[in-house]
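User: I would like to learn how to read helix packing. Can you walk me through it?

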Amino acid sequence: MESLAGAEFAPHTTYLTTASSGLIPARSVAAVKAVLDGSAAGRPVIDVAFEAVEESRATYARLVGVPARRVAAGSSVAAYAGMIATSLPPGAEVIVADGDFSSLVNPFAVRGDLKLRIVPLEEIAEAVRPGTALVAVSAVQSADGRIADLDAIGEAARTHGARTLVDTSQAAGWFPVNADEADYTVCVAYKWLMCPRGAAFLTVPEDLGGLTPVFAGWVAGERPWDSCYGPVAELAHSARRFDESPSVYSYVAARHSLALIEELGTEAIAAHDRALADRFRAGVTGLGHRPVAAPGSAIVSVPGLGDAASRLAEAEVHVSARAGNLRASFHLYNTAADVDRLLEELSR
């Protein structure tokens, strides 16, 4: 793990904020530079872009355990959550977790005619009831790293006939994700999947989940090059009907970043990341602080230390301040030395 990470990453700082944005591997950077140079020289990039999207789609599908035909490629969680929100009838009940990320929650809130119930993360499963239409929740909470009980939530949803939407943005890449266990999943790829901003994925059921592709353009056509003008005569028969026109350079890089994750294996990455997070939890507890209880998470949130983030940045130790807490997140390019450096600076 460390030898490969050393070949792909060379941060000049102690970088512990993957939960905000992951580092991009050298292989991905090189690929983008090559295509940019070609574009500047007048060589067409559209064929390269479509090839990159399809390879990224296929690799992501394998990472989350569904066929590629059930994966759509876009650019943001909010766009896909908004599309799902438009599919719900007026008055439908949607359950979300208190404090969950706004890109997942707000598309349902702005509808105005939905019944939005906000409950504590730990109480979501028992909050599902007859008449609940959708449960939308992040697998791992952005603010503090708490992990949702997706098994219990899924069982409760099935019992009461509700659908589930799981945001895996803080999970995919280090936390084992089985997208087949949810009706829909959404994921931005610029965090633990180490892609540039502009790449995101949606997974849908085999029957496409009853969704209307309200932002469908020409790339959503079964034959995109025959779908450039006027109404699209035939939408793609797969989840590709939910594709957004691709952010070309993001997907050129994404195909290589996702390949690296697949090469290393999510289970091995999870073991590495969790070991570093546990090391930090133990160390910061020894300094007299009490991290938010999130066993098994690669994200560690420490109340009362949010103000330390700016001081740490001056020492070139980069963490995040979220919800008033210090948030440190650990990924495959981090080492025990990074953890010890953070603890050393916090003890000053």
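**Reading helix packing**

Analyst: Start with helices α4 and α5: their crossing is right-handed. Keep in mind that this is a predicted model.

User: How are two packed helices described?

Analyst: Two values do it: the angle between the axes and the distance between them. Here, α4 spans residues 77–86 and α5 spans residues 102–109. They pack at about 30°, and their axes lie 8 Å apart. Angles under 35 degrees count as roughly parallel, so α4 is roughly parallel to α5.

User: Which residues of α4 and α5 make the contact?

Analyst: From α4 come Val 77, Ala 78, Ala 81, Gly 82, Ile 84 and Ala 85. From α5 come Ser 103, Leu 104, Pro 107 and Phe 108. Sorted by class, this contact of α4 with α5 has 8 nonpolar residues, 2 polar and no charged.

User: At what angle do α9 and α11 pack?

Analyst: Helix α9 (residues 266–286) and helix α11 (residues 336–346) pack at about 20°. Their axes are 9 Å apart. That angle makes α9 roughly parallel to α11. The crossing of α9 past α11 is right-handed.

User: Which residues of α9 and α11 make the contact?

Analyst: α9 supplies Leu 276, Arg 279, Phe 280, Gly 283 and Val 284. α11 supplies Ala 336, Val 339, Asp 340, Leu 342, Leu 343 and Leu 346.

User: How many nonpolar, polar and charged residues does the contact of α9 with α11 have?

Analyst: That contact of α9 with α11 has 8 nonpolar, 1 polar and 2 charged residues.

Definitions and conventions. Residues are numbered from 1 along each chain as its sequence is written. This is a predicted model: local features need pLDDT of at least 70, side-chain atom pairs count only at pLDDT 80 or more; totals for chains, interfaces and linings use all residues. Side-chain values use heavy atoms; hydrogens and water are left out. Axes are lines fitted to C-alpha atoms, for helices over the stretch in contact, and angles run from 0 to 180 degrees between N-to-C directions. Helices (H or I, at least four residues) and strands (E, at least two) are DSSP runs, numbered from the N terminus. Angles under 35 degrees count as roughly parallel, over 145 as roughly antiparallel, 65 to 115 as roughly perpendicular and the rest as oblique. A crossing is left-handed if the near helix is turned anticlockwise from the far one by less than a right angle, and right-handed if clockwise. Contact means heavy atoms within 4.5 Å. Ala, Val, Leu, Ile, Met, Phe, Trp, Tyr, Cys and Pro count as nonpolar, Asp, Glu, Lys and Arg as charged, and the others, Gly among them, as polar.
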